[in-house]
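User: I would like a close look at one part of this model. Please give me the whole chain briefly, then go in.

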Amino acid sequence: MSARAGIVVTGTEVLTGRVQDRNGPWLADQLLELGVELAHITICGDRPRDIEAQLRFLAAEGVDLIVTSGGLGPTADDLTVATVAEFCGRELVLDQAMEERIAAILRKLMGDRSGVDFDAVRAGNRKQALVPVGADVLDPVGTAPGVVVAGSPTVVVLPGPPRELQPMWSKAVATEAVQQAISGRTEYRQEMVRMFGLAESRLAETLRDAEATIPGFDALEITTCLRRGELEIVTRYEPDAARTYQDLLALLRDRHGSALYSEDGATVDEQVAELLAGRRIATAESCTAGLLAARLADMPGCSDYFAGAVVAYANEAKAEMLNVDPVLIAEHGAVSEPVAESMVTGALHHFGADTAVAISGIAGPGGGSPDKPVGTVCFAVRAGSASITRTLRLPGNRSDIRERATTVAMHLLRRALTGQSD
């Protein structure tokens with residue numbers, strides 16, 4: 001069995017949802033890369049009894065390593081180090097060298113600010129230099145040092161802000177105590193494939209068939225996730241199960257080749273960014289409020305290929321900015337394939353682009369008709385000689401429809417850029 005670990009995320013602000021936890025998922029990825037099996041992630045408030053309860057729970061589960069995040073600040077509710085010290089049976093002592101280091105950091109942060117009593121600030125931060133006897137002390141990135149307490153299990157105590165926690169992680173892993181705790185780790189490989197346009201139920205059926213027909217299938221640890229209308233299939237396995245994974249991949253290709261767009265984990269955004277090299281793209285959007293343009297602008301190298309966007313809700317704006325004929329809108333409606341195609345032509349002309357995407361739809365709430373209910377979205381894509389037009393009915397509320405529409409648009413754009421047309 002591989003070395004096992006647990007993560008304790010502390011912080012009442014995280015527990016109540018005011019702050020989203022980013023440390024648990026990040027640490028989970030780091031442990032996976034090390035070949036350490038993650039048993040549990042728990043979240044608790046800044047209360048010593050609750051933190052201790054999580055530590056005792058994980059120890060009872062037989063984990064080799066516990067990683068905590070948060071609760072290392074100078075305020076009275078930051079009690080993680082003291083709680084871990086008590087749990088590990090270690091006395092807290094003042095690390096004078098660390099106290100001086102924290103003081104130097106504080107002097108630099110305060111600068112020449114007037115009216116501030118530095119001695120009072122230093123005294124308030126002194127508790128951050130209290131460490132368990134015999135612990136490895138990790139130099140602070142902010143003002144809070146981390147600690148590693150060897151034992152069974154070994155406990156790594158890290159600060160809450162991700163910008164401080166992440167640089168400190170590699171230092172923690174390098175300590176002898178952590179290396180000893182994870183000495184039983186197993187080498188794992190992890191692969192991800194991505195699909196679009198496939199129902200989860202069909203994928204589930206294929207995986208059931210794979211379980212029944214592929215030898216050694218139980219050596220694969222498979223997780224699936226539906227995200228923005230896409231299916232992510234992550235498979236984790238030991239090296240000797242590589243052939244089994246290839247058999248699974250072959251089955252997925254055979255059953256769902258038209259939906260399988262990424263075998264190396266690359267996102268559609270990454271693929272589109274590469275395909276846009278040497279091109280100039282523009283967008284024309286209504287119901288998505290410029291979200292597709294924002295998505296393109298966030299992709300690598302966007303300044304080389306992204307020309308701009310027109311976000312036009314009013315019919316007058318479509319006519320003025322995109323040269324859409326008002327007669328066309330009157331005849332077919334603003335949410336229609338002819339209007340979407342005219343918007344694409346307008347975007348190409350307005351920005352001098354060779355590639356364009358247009359989206360026109362009804363995201364709600366309200367609006368719509370029996371023929372065109374809320375969720376009706378029309379897409380038009382042009383990339384050189386490739387042209388794709390679609391009308392889809394997308395489920396969900398306004399936010400869901402907008403998000404799904406941008407994902408659909410990206411996949412249609414990818415198809416057009418690879419030469420696929422209607």
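What percentage of the 422 residues in the chain do buried residues make up? Then take Thr406: in which helix is Thr406 found, and which residues does Thr406 touch, leaving aside those up to four places away in sequence?

Analyst: Buried residues make up 47% of the 422 residues. Buried means under 20% relative accessible area, exposed over 50%, and partly exposed in between, with a 1.4 Å probe and protein chains only. This is a predicted model; local features need pLDDT of at least 70, side-chain atom pairs need pLDDT 80 or more, and totals for chains, interfaces and linings use all residues. Numbering runs from 1 along each chain as its sequence is written, and side-chain values use heavy atoms, without hydrogens or water.

First, the whole chain. It has 17 helices and 17 strands. These are DSSP runs numbered from the N terminus: helices are H or I with at least four residues, strands are E with at least two. The C-alpha atoms fill a box of roughly 80 × 70 × 40 Å along the principal axes. Of the contacts between residues at least 6 apart in sequence, 68% join residues at least 24 apart. A contact means heavy atoms within 4.5 Å.

Now Thr406. This residue is found in helix α17, residues 398-417. Thr406 is buried, at a relative accessible area of 4%. Beyond residues up to four places away in sequence, Thr406 touches Thr288, Leu291, Leu292 and Arg295. The Thr406 side chain also reaches the backbone oxygen of Glu403, at 2.7 Å. Such a polar contact is a pair of N or O atoms within 3.5 Å; within protein, one must be able to donate a hydrogen and the other to accept it, and residues adjacent in sequence count only if both atoms are side-chain atoms.

Which residues of α11 are buried? In this helix, residues 268-275, they are Val268, Asp269, Gln271, Val272 and Ala273.
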